[in-house]
Amino acid sequence: MPAKKVLIIGAGIAGIAAAIRLAVKDYNVEVFEANSYPGGKLSEIKQDCYRFDAGPSLLTMPQYIDELFKLAGKSPSDYFTCQKLDPICKYFYEDGTQLNARADTETFAREIAAATGEPAEALIKYTANSNDIYHITNPVFLQKSLHRLKTFLNWTTIKSILRLPKIDALRTMHRANQVFFKDARMVQLFDRYATYNGSNPYIAPATLNVIPHLEQHYGAYFPDGGMYSITTSLVKLAESLGVKFHYDSKVEEIVLEGQKVKGSKVKGEFIEADIVISNMDVWFTYNRLLKDHPALFPKKILQQERSSSALVFYWGINKQFPQLDLHNIFFSADYKAEFDYIWKEKNIYSDPTIYLNISSKYKPDDAPEGCENWFTMINVPSNTGQDWDMLINEARKNILAKLSKNLNEDISKLIVCESILDPRSIESKTSSYQGSIYGTSSNSKFAAFLRHANRSSKIKNLYFCGGSVHPGGGIPLCLLSAKIVSEWIEK
């Protein structure tokens, strides 16, 4: 009997991982990617003598990457290596406070106490709470589909359900953080983790306080070849398993026979498939690829609030700054106002929190000698028709003013090359509706249950993976979505 053919739409990290998992099971897998390169958001930009990781810049849970190589009987270190970070991140506050987020919790707690006066015990209690939330939610909300009865018919799930009050879903992240910490700087530091999935800490449930656990307990890492080496190493693995990648091959339609997948149309050509997996944003999957079948749309899901987006300036800087690290945060003086601008005004605050990633700190060939590559990002609203050219111009001025003040140097005079990524180009390059990085927001306490399932309930043999569906955005969750899809197909 010939192997079943699987057609995957999009060579994002989840699509590649799904291809690997199914190829290991002897499926005939082909991946169709609209761009000339793989990776989706996890790609790279080269300009002059500088290289930048285009999107995700922080790696946590590398064991999910290693797992893919082990499934294929390969040694992960033959393809992909990374190093653990310490410190994880450097924080700069408007009052002059500087903090190094150390990898060891007790060391970090002492650093906090020395810099802010917050008792070390506060962080110890906070990380214990984050650990509890993780161990309650991970077996059910992250590792399994919430849309299969089987998920709920086992003792592990029952134990998690009995402990649901401990996931702290009834108060906001900000309110919970105010209880754990008395110092406003510490509240702000841990409120920031809401941005890891494009949400608002003043609205999102405190369940999201699970996120620091991934960083503090499991560690943060930097791939030795840069973040894009995650993509290239997994593509290499997939190809060694017989997966075929087709670039510059935009899928135009998912072809149905009744309410069952028959294949897809690419460049006007019909390609038959037994199974189709969309790694495209679920909104575009329906509205572009299934536009002739509106009766099959999950209308409520497609109307959900989108996550925030990002504005990134990729700057080649002709100087080195020893006071900076790989990951740097320059906080806004008024965090509440910043989030109000993003979520209520759909605008950009004049004093935005700046994330500055400099991969040349760990990978020197990403910049010429004596120089640095600055990935300079702020959180912005998704695209709903704002005047982005005007907003970008104003944001650039404000970012340069803030960095110049903090670093006692006119940064504008050090920029030798520049590229820009904004919500419009995020949408056009990665098919992310409105440029929202994480699909829908997690501002609702029920957000985990409201994400689109990894399988269509109305179209047989249509599956979904990636950041716009369960369990969510970010590299670890995208890899888990691929795992959930492959297990569902197998069973």
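**Reading helices and strands**

Tutor: The model is predicted. Take a helix end: just after helix α3, G117 has a positive phi of about 85°.

Student: How many residues does α3 have, and what span is expected for it?

Tutor: The expected span of a helix is 1.5 Å times one less than its number of residues. Helix α3 covers residues 105–116, which is 12 residues. From first C-alpha to last it reaches 16 Å, close to the 16 Å expected. Helix α14, residues 388–407, has 20 residues and reaches 27 Å, close to the expected 28 Å.

Student: Which residues of α3 are buried?

Tutor: Buried means under 20% relative accessible area, and exposed means over 50%. In α3 the buried residues are T105, F108, A109, I112 and T116. Viewed down the axis of α3, these buried residues fall within an arc of 105°, so they line one face of the helix. The face turned away from that buried side carries the exposed residues E106, R110 and A114.

Student: What does D104 do at the start of α3?

Tutor: A side-chain oxygen of D104 comes to within 3.3 Å of the backbone nitrogen of E106.

Student: What do the buried residues of α14 pack against?

Tutor: The buried residues of α14 include W388, L391, I392 and A395. The buried residues of α14 pack against strands β15, β16, β17, β18 and β19, and against helix α15.

Student: Now the strands. Which way do the side chains of β4 point?

Tutor: In a regular strand the side chains alternate between the two faces of the sheet. In β4, residues 50–53, Y50 and F52 point one way while R51 and D53 point the other way. All of these residues are buried.

Student: In what sense do β3 and β4 pair?

Tutor: Strands of a sheet pair through backbone hydrogen bonds, either parallel or antiparallel. Strand β3, residues 44–47, pairs with β4 in the antiparallel sense over four bridges. The bridge partner of I45 in β4 is F52. The two strands form a hairpin with two residues between them, and D48 in the turn has a positive phi of about 55°.

Student: What is the strand order in the open sheet of three strands?

Tutor: The order is β11-β12-β13, with antiparallel pairing. β11 and β13 stand at the edges with a single partner strand each, so one side of each is left without a neighbour in the sheet. From one strand to the next the twist averages 35°.

Student: How many bridges join β12 to β13?

Tutor: Four bridges join them, and the two strands run antiparallel. G263 stands opposite E272 in β13.

Terms used:
Residues numbered from 1 in each chain as written. Predicted model: local features only at pLDDT ≥ 70, side-chain atom pairs only at ≥ 80, totals over all residues. Heavy atoms only, no water. Buried < 20%, exposed > 50% of the residue type's maximum accessible area, 1.4 Å probe, protein only. Pairing = 2+ DSSP bridges. Axes fitted to C-alpha atoms, helices over the stretch in contact; angles between N-to-C directions. Arc of directions from axis to C-beta. Polar contact = N/O pair within 3.5 Å; in protein donor to acceptor, adjacent residues only side chain to side chain. Contact = heavy atoms within 4.5 Å.
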